[in-house]
Amino acid sequence: LDGAMTEKRQGPEGEKDRMGRIGHRPYWVLGLSILIRAVHLVGAAVFLSSFLLLDGMRPPSFYLGLVFISGAALFFTEWLRHRQICRELSGVSTLVKLVLLGAAYHGFLPAEESVLLVFVLAALASHAPKLVRHRLLF
């Protein structure tokens, strides 16, 4: 019975082979990453609301720094576990989000719509099942 449950949780045959290399991450880093994610969500919420509710594209600089520093810290803690994160859906979506934000900041894309698209992309990429989120794309 236990073997059948394990097989069922792992998904289709060979599914784990499509995931990137997985490294060791101390348990305390997982706890720290949850705290960092909470801080990141607060900064991101203020960042998004400044685009949707305020005129102009000037989020408060404290929260702007908070969202980018905590985002970099989150990416690092994920990299500790998923060593090929830049080839996985998770890492590629992060790169796409940064490109969209940069394009919006420099006026190549409309700011409000781009920031909203980044949030939708973040929600989809971060809530996808693990075998999808960490699947190697190339």
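Modeller: α2 and α3 pack at an angle of about 150 degrees, and their axes are 8 Å apart. Axes are lines fitted to C-alpha atoms, for helices over the stretch in contact, with angles from 0 to 180 degrees between N-to-C directions. Helices (H or I, at least four residues) are DSSP runs, numbered from the N terminus. The model is predicted: local features need pLDDT of at least 70, side-chain atom pairs count only at pLDDT 80 or more, and totals for chains, interfaces and linings use all residues. Residues are numbered from 1 along each chain as its sequence is written, and side-chain values use heavy atoms, with hydrogens and water left out.

Colleague: So are α2 and α3 roughly parallel or antiparallel?

Modeller: Roughly antiparallel, therefore over 145 degrees.

Colleague: Which α2 residues meet α3?

Modeller: Among them are I36, R37, H40, G43 and F47. On the α3 side the list includes L66, V67, S70, L74 and E78. Contact means heavy atoms within 4.5 Å. By class, that contact has 14 nonpolar, six polar and two charged residues. Ala, Val, Leu, Ile, Met, Phe, Trp, Tyr, Cys and Pro count as nonpolar, Asp, Glu, Lys and Arg as charged, the others, Gly among them, as polar.

Colleague: Now α5. How does α2 cross α5?

Modeller: α2 (residues 27–53) and α5 (residues 111–127) have axes that come within 9 Å and cross at roughly 150 degrees. That makes α2 roughly antiparallel to α5. Their crossing is left-handed. F47, L48 and F51 are among the α2 residues there, and V115, L116 and F119 among those of α5. The contact has 10 nonpolar, no polar and one charged residues.

Colleague: And what about α4 against α5?

Modeller: The axes of α4 (residues 89–105) and α5 come within 9 Å and cross at roughly 170 degrees. So α4 is roughly antiparallel to α5.

Colleague: Which residues lie nearest its centre?

Modeller: R37, H40, L74, T94 and K97, out of 32 lining residues. α2, α3 (61–81), α4, α5 and α6 (130–133) each give two or more to the lining.

Colleague: Which helix gives the largest share of the lining?

Modeller: α3, with eight residues. The lining divides into 16 nonpolar, nine polar and seven charged.

Colleague: How is a pocket defined?

Modeller: On a 1 Å grid over the protein atoms alone, a pocket is an open set of points where a 1.4 Å probe fits, with protein on both sides within 12 Å along at least five of seven lines. Lining residues have an atom within 4 Å of a point.

Definitions and conventions: Angles under 35 degrees count as roughly parallel, over 145 as roughly antiparallel, 65 to 115 as roughly perpendicular and the rest as oblique. A crossing is left-handed if the near helix is turned anticlockwise from the far one by less than a right angle, and right-handed if clockwise.
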